[in-house]
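Hi,

Here is the structure I promised to pass on. Have a look at it first, and then read on for what turned up.

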Amino acid sequence: MTQSTAVYSPDFLKALEIGRPPNIKKLFPNSKALIVSGKYIDRAMLAKGGAMTIAANGRSNLVIRGSLAAAQRANAAIIIEIARSEGGASSYCATNYWNIARQVDALCNEMGVTVPVAIHADHYGIKKPEDVAPAAVEIPTLFEAGMTSIAIDASHMPDAQNLAANLALNEFVPDWAGLETEVGEIKGKSGLSTVDEAKFLIAGLNAHGIVADWIALNNGTTHGIEASDQGIQVELTTEIHKALEPYATSGAQHGTSGNNSDRLRRIAAETHTTKANVATALQMISWGLEVNDYGNAQLDADGNFIKVKGEGLTEELWEEMKAYAAKQDWKGGNYKKLNLPFENKIMGQPLEVRERMAKRVEDFVYTLLTDVFNAGDTAPLAIEAMLKAGSYDPGPKAERIEDPADWTPEKYQARAASLEKEEGPEGNFDD
């Protein structure tokens, strides 16, 4: 694998000194990896305008490697993330909440990566009120392990409970950390978020002095392999983001793997989205499967994935993975469960195979960053923001504009009951 030949500029070294948050400095005291708050990644995209960066889902070490190489090549600030379902206590990936920062730090130092990187705990799911108490114990451990950003996702619950969970858990998220929240998942795959619901959540947080950096919407996406062409609803997203402008909350776009490049360009250009999650596509690309412009793996006439000979995994390992999946009766999107049992075998392949896997990811992510997301050359903008702030914490993007007296539990519960909603089947699908 490529060894570091990095040249560290004075601005980079100053940012390394002041921009890394306390948990990162404690864990990696001698590191040259610029691991920073997610707030700075968001600020860099806003400074460029019409830009969003990839939140690359690091289901495997080689996906992380390829994503970091692409960010360095594009001179782009980037987010590396893993979701709770993938890397929590009951995970299906070898990468998890407690080792992802160590992988990123090691790779950045090995490869000489000099772009700012945030480590994001994606979809920290709260699906019922009883989940809040154990989350209050677990969330601090994520930051102790090197997270610099988190998504508190209570969107599977009704609006008032979603807000209540976010309020209860906020004290366990450091003030300097990037914060994402989400609305609309309770509706499943067909019910879409509304302006009222999004504004309810963000205004309720604002009333309690909490300024969310991002909000994720149920705006026409699904997680995993997208079979339809409905895709992200750009106009709806624009309308909601416009309504949230007084709160300075950016958009986090989920489900990008099911959308073509033109639609994603519109999301970057026409909305306030600064973070775009990409997960399944990176996994499939690293394995050497055929994918289309949507990032969806292609299927043959029998409904099986198409492996490109000489790309990604060795043919022998791919056959072993398919046989394992068949034995478990895993099909389609459930192939993601192969990550955990096969990570060690993937890492045990010859160097040339591992390099081609990472390179395939690098080329795909580089194209997204430079040609689709407009994130090229955002790394200096993040560093500039750190130098201007003189701190690892840039502070909130907005002030409190809501009256706390209007957002007591009794009042926000009554307000939630009168929200304008677009109903859909109750949702509980995997993130």
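Let's start with the cysteines: how far is the sulfur of Cys108 from the closest cysteine sulfur? The answer is 20 Å, and the partner at that distance is Cys93, so the gap is too far for a bond. Seen from the other end, the closest cysteine sulfur to Cys93 is the one in Cys108, again at 20 Å. A disulfide needs the two sulfur atoms within 2.5 Å, and a search of the whole structure turns up 0 of them. Both cysteines sit inside: Cys93 is buried at a relative accessible area of 2%, and Cys108 is buried with 2% as well. Do keep in mind that this is a predicted model.

Now for the overall picture. The protein chain has 17 helices and 8 strands. Its radius of gyration is 20 Å, close to the 22 Å that the globule rule gives for 431 residues, so the chain is as compact as a globular protein of that length. Along the principal axes, the C-alpha atoms fill a box of roughly 65 × 55 × 40 Å. Buried residues make up 58% of the 431. If you take the contacts between residues at least 6 apart in sequence, 78% of them join residues at least 24 apart.

Because 8 of its 11 residues are buried, H8 is largely enclosed by the rest of the structure. Among those buried residues are Asp159, Asn162, Leu163 and Leu169. Their cover includes helices H7 (132–144), H9 (195–207) and H17 (409–417), along with strands E4 (149–153) and E5 (178–183).

Asn75 is not a glycine, yet it has a positive phi of about 55°. You'll find Asn75 in the loop between helix H4 (61–74) and strand E2 (78–83), where it counts as partly exposed at 27% relative accessibility. His123 also has a positive phi, about 40°, without being a glycine. His123 belongs to strand E3 (residues 117–125), and at 4% relative accessibility it counts as buried.

Over to you!

How values were computed:
Residues are numbered from 1 along each chain as its sequence is written. This is a predicted model: local features need pLDDT of at least 70, side-chain atom pairs count only at pLDDT 80 or more; totals for chains, interfaces and linings use all residues. Side-chain values use heavy atoms; hydrogens and water are left out. Buried means under 20% relative accessible area, exposed over 50%, partly exposed in between (1.4 Å probe, protein chains only). Helices (H or I, at least four residues) and strands (E, at least two) are DSSP runs, numbered from the N terminus. The radius of gyration is taken over C-alpha atoms; the globule rule is 2.2 Å times the number of residues to the power 0.38. Contact means heavy atoms within 4.5 Å.
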